[in-house]
Amino acid sequence: MKFKITPSIRIVLILLAFGLTMSACNESFLDEKPLDRFSPENLLTTKAGFETILVALHKSARDERTLDRPDQMGTGTDVATSGVADGRFMKDYKLVLPTDQVVVYYWDWAYANMLKNANLIITRAEDPGISWTENEKNEVLAEAKFFRAFTYNVLVNLFGGVPIVDRELTEPRFDFERATRLEVLEFAKKDLEFAAEHLPNVVNNPTKDGRIFKAAALHLLTEVYISLGIETKDASYYDKAIAAATKVIDGSSGQYQLMTKRFGNTSRPGDVFSDLFWTNQQNRSSGNLETIWAVQYEFLTVGGAEGQNHDLRWWGPQFENVRSPDNKRILVSDSIGRSQGGNRPTNYFFYDIWKDNFKNDMRNSHYNIRRDWYYNDKSSSYFGKKARYTVVNGKAFIANEDGSPTSIAVDTLRWFYPMIRKIEGELPAPLSGRTNNDQIRMRLAETYLLRAEAYIHKGDMQNAAADINVVRARANAKPVSAADVTLDYLLDERARELTIEEARRRTLVRLGLLYKRATKYNWDAKATMEPYHELWPIPQKAIDANREAKLAQNPGYPGA
């Protein structure tokens, strides 16, 4: 049976076709209307919505150091090399190429996570339809701009001048160009000045642990001002750095102080310096008034970093491979965890920087550096005895009690060396190589040392010595005289106080001293590093994707 189109049906079809044609001409008919409540259009309408993106920024900031590899900000510098024997992890600088995993990781961490979310907040905050007060808007913008500046400060001290992306990208771009180092620093400065003006003073509220307060912006601004002074030769930036640091030190940003008396779990053997780093004692809620910013880890909490803090895994020696003269291993135990020797501190750190006050400096006490190891296998006749080794013809062997060598070889670069005890803490699982310790990223002691650095650049060694001696006094170390203060001395003091916490690579790069100091104190860097290795290469994948403009490679690397 055939379907018959009657005149009335024909009229209906004509009207329907006309209606569809008119609808197709209306652009709104094709406009996408996001229904997902987490899309920016639906989420970023209130302060609470913006807070969710700030949480993502905090997570990404923590993720900078959650890649399960040795800490690349320490290894390959003056304070540490890699204990891994195959040349990876900045042990052999010739292997640092535009395809290196860590190089790519940091680039993607910055552009695909930190900057993307910071710019999303900063761009969308200008929508006049958002329901919030001007003060609420500025606080959100201030925290986002802090993270954007923090990220660019990381990038500029790893790669040099990089592309500046200052707004949300709504379509693909393939024409990025590198800004100069000066332009990147000036961009970060403007963000931090805004953040320092609009972030609140610190509060004593456990629910605010880990948040960014005014002091964090001022602390980072101090460093950026110093970098600008070095870059421009304009000494007025050092005055600005001193003023910014002073606002943290003098209480203008809220109460901070160097901890001089034990706090937290004082039943645990230790001293006040070790208390700063023990589990659950990094934040203000524990009574720690020295920490300015600590990233948070929460075991089995959604978003709480399932990978955990792996400083213990990489900064401690792989002591489980050490054997007693009767061939029994040192056993892994819950009290010290299981470490793998990826970041092996140099002799410069273990010995050179302590020569003038080896016994009295609290930071070198047995509570803070574990220099002695003991056999702990109860089936061994050496149980409870101190582990020793001796060197014969350039090779290390486990020693008998009388000091004579056994035939048991020992790797003193990965298995057997002192351990910095900042990494220790309560273990979330038996025999774990990770903790849930929150990571301190900024601490008042460093603010003093940054201000001291600004004084050094100005040539004011008296005030520089005064600030350094505030830090040294807490450690029971003898004061330094103004006549002995140099930039190298300050870097030694930073190593004593901040190793593991400090992004040492970035500190040395911003001072133009990575090559000089790494090749002086790090035997692996001396053998493989060239001056161009001060900066990392631009990732090849970023260069290849940028097809409409040239993204220049750093000198010395393939494609430069």
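Predicted model: local features only at pLDDT ≥ 70, side-chain atom pairs only at ≥ 80, totals over all residues.
**Helix α6**

I then looked up which of its residues are buried, and found R181, V184, L185, F187, A188, K189, D191, L192, F194, A195 and A196. I noted beside this that an α-helix has 3.6 residues a turn, so residues three or four places apart point the same way. When I asked what covers the buried residues of α6, the elements I found included α5 (134-156), α7 (214-232), α8 (236-249) and α15 (504-510).

**Hairpin of β6 and β7**

I next turned to strand β6 (residues 395-399), which pairs with β7 in the antiparallel sense over two bridges; A399 has P405 of β7 as its bridge partner. Five residues lie between the strands of this hairpin, where G403 takes a positive phi near 95°.

**Strand β9 and its partner**

For strand β9 (residues 439-443) I found five of the five residues buried, so the strand is largely enclosed by the rest of the structure. Strand β2 (residues 291-295) runs antiparallel to β9 and is joined to it by four bridges, with T291 standing opposite R443.

**Salt bridges**

I recorded 50 salt bridges in the structure, and followed R443 into one of them, where its partner is E290 and the closest N and O atoms are 2.7 Å apart. Because E290 lies in the loop between α9 (272-275) and β2, while R443 belongs to strand β9, the pair ties together parts that are 153 residues apart in sequence. E290 counts as buried at 0% relative accessibility, and R443 counts as buried at 0% as well.

I also looked up E424 and R370, whose side chains meet in a salt bridge at 3.0 Å, N to O; this pair links distant parts of the chain, E424 being in the loop between β8 (419-420) and β9 and R370 in strand β4 (residues 369-370), 54 residues apart. Both E424 and R370 are buried.

My last pair was D467 and R451, with a salt bridge of 2.7 Å, N to O. D467 lies in helix α13 (residues 461-474) and R451 in helix α12 (residues 444-458), so the pair ties together parts 16 residues apart in sequence; D467 and R451 are both buried. Finally, I traced one network of salt bridges with shared partners, whose members include E290, R443, R472 and E493.

Methods: Residues numbered from 1 in each chain as written. Heavy atoms only, no water. Buried < 20%, exposed > 50% of the residue type's maximum accessible area, 1.4 Å probe, protein only. Contact = heavy atoms within 4.5 Å. Pairing = 2+ DSSP bridges. Salt bridge = Lys/Arg side-chain N within 4 Å of Asp/Glu carboxyl O.
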